[in-house]
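This briefing covers the chain shown below.

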Amino acid sequence: MSHFSDYEAILGKDVVQCGRVSRTAHRHWVHVVGTPYDLVEWDSHDPSDQGIFQPMITAGPPDEEDIVQMRYHNILYSRPIDIYEDDPWPIREERWAVNLVKQVYLEAYPQAGDMQYKVFLPEEVHVSPTPPSISAVAESDDNDAVSSGEVVLRDEIRMLLTDWKQYPEDEDRRTWKEVVVSRLTKIRPAQEDNTPGAVKKHTPYEGYELVDEDIRMNVFTLVPHARKMYRVLHYTTSLRTSLASLALLTKPRTLR
């Protein structure tokens, strides 16, 4: 325990006495005598049992050649995305998220076959939020909404993947990842504009036109620690909204 940089930064390199607080199958917990500090050491985890919140493969190898289903936070993920597929995603309400995922991963794996794994969508088809009717906005008690007529819609789709097939001989590089694609859409009741050459920003919402739209994607690596899995930001398309210390984008960021 005394060979870690955090220990040396606080307690130095002197020999100290410790008293055992607890010893379990995977954890050794001691108190440093004469200080307010405790030290906790965990043994190495088993890749097949990384603790609480670990996703589980529910259908796949060895019964199948590839993963078919996964479960995470009681959500079943069973619809794979092929980033090399040219046809539009069949579910219109999910297409905006799938298109961004394809765009990002194609930057990292441009040649067909480079990416050996797939990103999975939940089994249940996503349903996007819908705006209130035009009459409901007009009758709203929100003075700001009434005066501007603007409506803000927040949408989010979560996906799951494991890249074990990308690194079959390197267990240390295999990870679980959660992909979160979010969309913030600002719309307002459509207005007549007879200006020659005026271009309207249409939306799929009847009676509304688009004011602004912000779509971003975050990829979180699920990291095991103390028999529990935590999300650590690995990639983002929006550094200005990220609190993580990621390298600045000087070229297309890779997911490798």
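Contact here means heavy atoms within 4.5 Å. The model is predicted: local features need pLDDT of at least 70, side-chain atom pairs count only at pLDDT 80 or more, and totals for chains, interfaces and linings use all residues. Residues are numbered from 1 along each chain as its sequence is written, and side-chain values use heavy atoms, with hydrogens and water left out.

**Overall make-up**

- The chain has four helices and eleven strands; helices (H or I, at least four residues) and strands (E, at least two) are DSSP runs, numbered from the N terminus.
- Of its 256 residues, 34% count as buried, where buried means under 20% relative accessible area, exposed over 50%, and partly exposed in between (1.4 Å probe, protein chains only).
- Among contacts in the chain with a separation of 6 or more, 55% come from residues 24 or more positions apart.

**Nonpolar cores**

- A nonpolar core is a set of buried Ala, Val, Leu, Ile, Met, Phe, Trp, Tyr and Cys residues joined through side-chain atoms within 4.5 Å.
- The largest one holds 25 residues, and the members touching the most other members are Val101, Tyr105, Val119, Met159, Val179, Val181 and Met217.
- At least two residues of this core come from each of helix H2 (92-108), strand E7 (119-122), strand E8 (151-162), strand E9 (176-189) and strand E10 (208-225).
- H2 gives the largest share of this core, eight residues.
- Apart from this core lies another, of nine residues, including Met70, Tyr77, Leu160 and Met229.
- Valine 119 is in contact with Arg79, Pro80, Ile81, Val101, Tyr105, Met159, Leu160, Leu161 and Val179, leaving aside neighbours within four places in sequence.

**Helix H2**

- H2 has 17 residues and reaches 25 Å from its first C-alpha to its last. This is close to the 24 Å expected at 1.5 Å a residue, the expected span being 1.5 Å times one less than the number of residues.
- Its buried residues are Glu94, Trp96, Ala97, Val98, Leu100, Val101, Lys102, Val104, Tyr105 and Ala108.
- The cover over these buried residues includes strand E6 (75-81), E7, E8, E9, E10 and strand E11 (228-236).

- Strand E2 (residues 27-32) and strand E3 (residues 38-42) run antiparallel and are joined by five bridges; two strands pair if DSSP finds at least two bridges between them.
- Valine 30 stands opposite leucine 39 in E3.
- E2 and E3 form a hairpin with five residues between them, and glycine 34 in the turn has a positive phi of about 80°.

**Rings**

- Rings of Phe, Tyr and Trp (its six-membered ring) pair if their centres lie within 6.5 Å; planes under 30 degrees apart count as stacked, over 60 as edge-to-face and the rest as tilted.
- The count by this rule is one aromatic pair.
- The rings of tyrosine 109 and tyrosine 117 have centres 6.1 Å apart and planes at 85°, so the pair is edge-to-face. Tyrosine 109 and tyrosine 117 are both buried.
- Arginine 231 lies over the face of phenylalanine 220, at 3.9 Å from the ring centre. The rule asks for NZ of Lys or CZ of Arg within 6 Å of the ring centre and within 35 degrees of the ring normal.

**Single residues**

- Serine 78 is in strand E6 and is buried, with a relative accessible area of 19%.
- Not counting residues up to four places away in sequence, serine 78 touches Val68, Gln69, Phe120, Leu121, Pro122 and Glu123.
- Lysine 13, in the loop between helix H1 (5-11) and strand E1 (18-23), is exposed at 72% relative accessible area.
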